[in-house]
Amino acid sequence: MRSAFYIFSAPLIHSALVASLFLPPFSAFPVSAAVNSPEPDAAGQDTAADAKVTELLLKSAGVKPIKYADEKARLLDYVHLGKFSDIHKICDSRIASGTAKAYEYQASALAWLYQIQQGSGKAVRLCEVGLEHYPDDLDLSSTLAVSYARNLQWLAALKQSIKVLDVDPKNVPALTVKAICLHRGGREDAGLLLLRRGLAIDPGNEEMNMLIVFYAKIRHKRDDVYVAFDRWSQLNPRSAVSYALRGEYQYDDSIQDAAMKSFQKAVSLNPEYVTALYKMGKLYWNKQSWSAACAALLRYEKLGGHNETGIVKLHDCLIRTKQYKEAVRIGEIAIEMLLGESSRREEALGVPGFAVVRESSLFVESQVKLAIAYFYTGEIAKATKLVNDVLKAHPDNVPALDLSQKIAFKNQNYSSAISTLSKLIVIDGDVQMWYQIRAEAYKKLGETQKAQKDLAIVDCLDRTGRLPTQ
């Protein structure tokens with residue numbers, strides 16, 4: 001088995017790297033430490049470097065237009081660049097009307113394969129429907145084999161790859177599918193020989209490289225996954241998909257700095273790569289780089305991104321960067337998205353600055369943040385209605401209570417402010433700010449003794465970090 005590893009042709013760029021995928025339990029090639037070693041995040045720092053990098057990446061003017069030989073070449077290149085929304089805009093209506101070309105079925109299926117992990121079943125169905133109209137199209141047939149493999153339908157994948165290879169023995173995706181199926185079935189030498197043949201024909205084939213990464217991943221061969229990604233990006237440096245998928249894997253592997261670089265590279269190749277923009281925004285949000293997160297997530301939203309968590313995080317970033325007018329727009333979108341009961345799942349985002357934060361749904365979180373945006377844009381009546389709605393269902397929601405006391409102060413209703421602040425102090429008695437604000441309210445009402453008592457608590461917390469003993 002090992003001797004077969006060394007018979008790959010030398011001129012191919014790192015072609016031997018792929019053999020490590022089929023050589024358990026070791027890999028003959030070390031993985032770059034720069035790729036796999038996590039670096040410490042600069043949490044809490046909205047760095048100028050983050051903002052500058054994001055600004056440069058999101059400028060699409062620097063991307064040179066490409067001339068394509070035909071529509072098929074354009075759509076397949078869109079797959080590699082991650083222009084999935086463009087593909088669906090072009091292909092979906094034609095597929096629905098039954099007027100699509102074979103390559104449109106193929107491009108749409110590949111877009112689902114590369115776009116999300118759960119898209120393989122959709123890809124299978126698209127290829128099967130397309131082949132009803134174009135039963136002799138080999139490219140569509142080989143994409144069906146790839147889709148079966150990605151969907152873990154191994155027997156169907158093997159049969160489909162054999163069917164394609166009977167007509168075209170040099171079809172690289174089919175050779176790769178068959179190689180993987182044979183390897184899974186214990187015929188390792190035969191699998192290696194088939195893979196060697198595919199590499200010799202077209203070492204940069206996107207579907208082949210995607211399958212190699214996928215197979216290493218499902219076998220939990222971490223190092224082999226990164227070796228395969230290295231090889232893929234070297235052979236096809238314009239493949240935004242390879243960098244985005246690498247970023248996904250690094251993100252799942254908790255290597256956030258490396259994942260960020262991969263997503264940035266994907267966006268530099270395609271400034272409209274929606275998935276990569278979303279993940280960049282999430283990573284910036286995790287680093288508390290609010291301005292950079294805003295830039296990425298705003299671009300994501302304007303390109304049609306509609307992931308609930310992404311929109312809520314964007315709303316949060318806008319509040320933190322005091323872009324309240326835009327926060328109103330995004331908050332209203334978030335509320336509309338989350339109105340359905342199925343969307344109101346529990347997923348607390350957390351609010352830094354509070355020692356205790358009660359669990360709340362994305363819907364409730366968005367209500368409170370929209371109320372905050374209304375408050376700071378002067379729409380006090382709307383803010384009051386929203387925060388009251390939240391407190392009826394969640395009477396101990398800390399962010400809602402905090403906003404409620406601010407509204408009371410704004411309206412000079414100091415008794416109401418004192419009542420709300422007292423509730424907050426019951427929830428968490430170690431927050432100096434609440435005692436200080438309550439003291440101000442007491443002063444407004446002329447209750448100086450109570451104000452002095454609260455200020456004494458503030459002083460004690462400031463000096464000792466503890467509440468005064470009774």
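This is a predicted model: local features need pLDDT of at least 70, side-chain atom pairs count only at pLDDT 80 or more; totals for chains, interfaces and linings use all residues.
Let me begin with helix α10, which covers residues 172–184, has 13 residues and reaches 18 Å from its first C-alpha to its last, close to the 18 Å expected at 1.5 Å a residue, where the expected span is 1.5 Å times one less than the number of residues. Helices here are DSSP runs of H or I with at least four residues, strands are runs of E with at least two, and both are numbered from the N terminus.

Residues are numbered from 1 along each chain as its sequence is written, and side-chain values use heavy atoms, with hydrogens and water left out.

Coming back to α10, 11 of its 13 residues are buried, so the helix is mostly covered, and by buried I mean under 20% relative accessible area, with exposed over 50% and partly exposed in between, using a 1.4 Å probe and protein chains only. Among the buried residues are Val-172, Pro-173, Leu-175, Val-177, Ile-180 and His-183, and the buried residues of α10 pack against α8 (138–150), α9 (154–167), α11 (188–201) and α12 (206–218). At the start of α10, a side-chain oxygen of Asn-171 reaches to within 3.1 Å of the backbone nitrogen of Ala-174, and after the helix comes Gly-186, whose phi is positive, near 95°.

In soluble globular proteins, nonpolar side chains tend to be buried together. If we leave aside its neighbours within four places in sequence, Tyr-273 is in contact with residues including Leu-81, Phe-84, Val-241 and Ala-266, contact meaning heavy atoms within 4.5 Å.

Two single residues are worth a look. Is Glu-248 buried or exposed? Glu-248 lies in helix α14, residues 240–252, and counts as buried because its relative accessibility is 18%; leaving aside neighbours within four places in sequence, Glu-248 is in contact with Phe-263, Thr-275 and Lys-279. Val-426, by contrast, is found in helix α23, residues 414–427, and is exposed, with a relative accessible area of 72%. The C-alpha atoms of Val-426 and Asp-396 are separated by 9.8 Å, although these residues are 30 apart along the chain.

As for the whole protein, there are 25 helices and 0 strands, and 52% of the 470 residues count as buried.

Finally, a word on confidence. The pLDDT, which is the predictor's confidence in each residue from 0 to 100, averages 81 over the protein, and 81% of the residues score at least 70.

Note on methods
A polar contact is a pair of N or O atoms within 3.5 Å; within protein, one must be able to donate a hydrogen and the other to accept it, and residues adjacent in sequence count only if both atoms are side-chain atoms.
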